[in-house]
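Let's go through this model together, one question at a time. Have a look at it first, then read on.

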Amino acid sequence: MGETKAKYPIGFYVSSLTYTFERFAFYGSKPMLIVFLITAVAQGGLGIDTKEAAIIAANFTAWTYIAPVIGGFICDHWLGARYAVTIGCVLMAIGYLFGWKATGVGSINMMIAVVSIGTGLFKGNLAAIIGRLFDDEELLDSAFSIQYSFVNVGALLGSLITGVLYISTFKYGDVMGFRQVFLVCAIVVLLGGIFFTLGYGTLQGQGKKPFKYITDKNGNVIGESHQNETEAEAKADAKAPLTKNEKKRVIAIVFISFVSIVFWLFYYQQDIVLSIYMVEKVNMSLGGVTFTPQHLSTSWNGLLCIFLSVGAAKLWYKLSQRPQGDLSMFQKVALAFLFLGISYVVLMFMEMSRGIGADNTHKVTVLWLFVFGALLTIGEICFSPLGNSFVSKFAPKKYFSLLMGVWTFATFAASKLNGYTQGFVEQLGIFTVFVSFAIVSFIAAILMFVLTKPLNKLVEDED
């Protein structure tokens, strides 16, 4: 029998491309925000103290990742996810307009709040729609890896293009074009919402009803086992207690979500701690080209993710065809921590080559950071997109979107902690932090490998 080629529904590509629009806006504004906050007013910024600015910038990431917990609860019980995604795009656009007109911290905080609310309705619920488009669970890992490449197309284009816009295209004299970039981001995310709304017909009926209901391709409630289940019966199913298997799977999802707090805390060091290190201690010119922290933390990462996500999708699909099946989520998390630890070993050697604790006149080549970024991205590919697949496979249906939001809670916690990490760096020294993060990463990798079998039992069916 010949092997059939895996096919993905049109709604999958519509949803994935909608992510591209949204991520363009987010990563077009996020790396720029810290620069906008600390740049002098005369140069187009807000002239805010760097310590306060770091906390505000960290909040932008943090709140956009905790909001999906609330958005998921709303769509689990009351609102169809497709409508939430559309409303979310409109709200995000309004939020970026506050950035466009910002004259102080209050406007930026308002931008963060409104964009976060919009993201809460958008992010987890769009991922949940994608999960419901597939009947074959073996395709989920590869599908979410492909979706992740769409995400990173948006991140790459957003960071590259807006970087040029604010330092060149929109620059007027000494005044940087920060505010105009926020306007561009508002327009792009609104276009994404319009595109998704026009594509409702490709979603196979998914997202019309709250996720506690099972729907057919026309969006009609069909329940779990009865073709003609009444609304009252569907509500009774939604109120039924979780089975023993479902409780174990909820535990597994919550466990892997909290483990990921460590991963994302270490991952997000490139946004603040390493960005400061780049400015002070790294020769950012290479081959006649001068790079910025934004290029290393976002553009380079996005470029790698586009190609590595596709490669990972093929690898996971090929492994799933083996008699023993694909690697488990827990094994992939262990690999993620392994590459994370190696990436910090690279940073240790980078600081040693510069001279541990040497003054800022001693600089290292930016090549170290390209290698670090490549290893970090491999770890990310092993971890981040597969969380969506894991939740899609094992979450009880009536808590589907809520648990998808729990997965993102880890990023909120890591981002909030990240805003205060620079204080530890100044107390302990950057090399000590690099060593500590490497050791913890390797310990986490070993523990995940050792605990793979008992963790797998949490998601296995019991007869």
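Axes here are lines fitted to C-alpha atoms, for helices over the stretch in contact, and angles run from 0 to 180 degrees between N-to-C directions. Bear in mind that this is a predicted model.

Q: Are H1 and H5 roughly parallel or oblique to each other?
A: The axes of helix H1 (residues 10-38) and helix H5 (residues 140-169) come within 7 Å and cross at roughly 40°. Angles under 35 degrees would count as roughly parallel, and 65 to 115 as roughly perpendicular. H1 and H5 are therefore oblique.

Q: Is the crossing of H1 and H5 left-handed or right-handed?
A: The contact of H1 with H5 is made of 17 nonpolar residues, eight polar and one charged. As for its hand, the crossing of H1 and H5 is right-handed.

Q: Which residue just after H11 takes a positive phi?
A: Helix H11 (residues 329-354) should span 38 Å with its 26 residues at 1.5 Å each, and its end C-alpha atoms are 38 Å apart, in agreement. Just after H11, a positive phi of about 110° is taken by glycine 355.

Q: What is the radius of gyration of the protein?
A: The protein has 16 helices and four strands. For 463 residues the globule rule gives 23 Å, and the computed value is close to that, so the protein is as compact as a globular protein of that length. The radius of gyration is 22 Å.

Conventions. Residues are numbered from 1 along each chain as its sequence is written. This is a predicted model: local features need pLDDT of at least 70, side-chain atom pairs count only at pLDDT 80 or more; totals for chains, interfaces and linings use all residues. Side-chain values use heavy atoms; hydrogens and water are left out. Helices (H or I, at least four residues) and strands (E, at least two) are DSSP runs, numbered from the N terminus. Angles under 35 degrees count as roughly parallel, over 145 as roughly antiparallel, 65 to 115 as roughly perpendicular and the rest as oblique. A crossing is left-handed if the near helix is turned anticlockwise from the far one by less than a right angle, and right-handed if clockwise. Ala, Val, Leu, Ile, Met, Phe, Trp, Tyr, Cys and Pro count as nonpolar, Asp, Glu, Lys and Arg as charged, and the others, Gly among them, as polar. The radius of gyration is taken over C-alpha atoms; the globule rule is 2.2 Å times the number of residues to the power 0.38. The expected span of a helix is 1.5 Å times one less than its number of residues.
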